[in-house]
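Let's take a friendly walk through this protein model. Have the sequence and the 3D view ready, and look up each residue as we go.

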Amino acid sequence: MDFSLTSILNNHSQSFMSDLWVCQPCRVVRVVSLETLTIDVQPLVNEKYSNGLFSEHDTVLNVPVVMLGSSTSMVSLPVNQHDTVLCVFSQRELTAFKSGTGTPANPNTFRLMDKTDAIAIPGLYTNRTSLNQPSKRTLAHDPLDVVVAHNIGTGAESEIRLKTNGTIQH
């Protein structure tokens, strides 16, 4: 057992960092409300222990979802169960913020970078599940175009497409 100052500091630092959450791909396990943009998520990268064992993380409840928007406009996406999202974890506790009005809010605890303070950003895909692959589309698809598409890969697929040559298709 190494009791040098370097070893002690390294062990402390590693232990401290293992409890901090920064970002993590997660799967939507439940859509709580699309009106309030709230979901429950399951982190997708398991915990790995020094003994070689792994464990899944618990579900994170009532996670707010980011949608591109302002105080007067918004791009709204239907978030579905089993979608993959990127969760970022707030530097400070979010309980008061989530129930507030968007003005500065005092945290209720000293919690830092905790998994319960997740914020979900939709649209994360694995290489195999990316919907930007032409083979995943019912309509002809060029990944270089700007496209707003709905019902991708179904008989009800629809889109508005801004082509690289400047034309608009819908």
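Start at His150, which stands opposite Ser158 in β9. Helices (H or I, at least four residues) and strands (E, at least two) are DSSP runs, numbered from the N terminus. β8 and β9 pair in the antiparallel sense, with five bridges between them; two strands count as paired if DSSP finds at least two bridges between them. Zoom out and you'll find an open sheet of three strands, antiparallel, in the order β8-β9-β10. β8 and β10 (168-169) are its edge strands, each pairing on one side only.

A quick word on where this comes from: the model is predicted, so local features need pLDDT of at least 70 and side-chain atom pairs count only at pLDDT 80 or more, while totals for chains, interfaces and linings use all residues. Residues are numbered from 1 along each chain as its sequence is written, and side-chain values use heavy atoms, leaving out hydrogens and water.

## A nonpolar patch

Now for the surface. Val146, Val148, Ile160, Leu162 and Ile168 make a nonpolar patch of about 480 Å². β8 (146-150) and β9 (158-162) each supply at least two of the patch residues. Patches take residues with over 30% relative accessible area and no salt bridge, joining nonpolar side chains (Val, Leu, Ile, Met, Phe, Trp, Tyr) within 5 Å and like charges within 9 Å. A salt bridge is a side-chain nitrogen of Lys or Arg within 4 Å of a carboxyl oxygen of Asp or Glu. The areas come from the Shrake-Rupley method with a 1.4 Å probe, and for residues only the protein chains shown count as cover.

## The core

Which residues touch the most other members of the largest nonpolar core? In this set of 16, they are Ile39, Val41, Val63, Val65, Val85, Cys87 and Ala120. Such a core is a set of buried Ala, Val, Leu, Ile, Met, Phe, Trp, Tyr and Cys residues joined through side-chain atoms within 4.5 Å. β6 gives the largest share, three residues.

Beyond its neighbours within four places in sequence, Val41 is in contact (heavy atoms within 4.5 Å) with residues including Cys26, Val63, Val85 and Cys87.

Most residues other than glycine have a negative phi. Asn62, in strand β5, has a positive phi of about 55 degrees. Met113 has one of about 45 degrees.

Note on methods: Buried means under 20% relative accessible area, exposed over 50%, partly exposed in between (1.4 Å probe, protein chains only).
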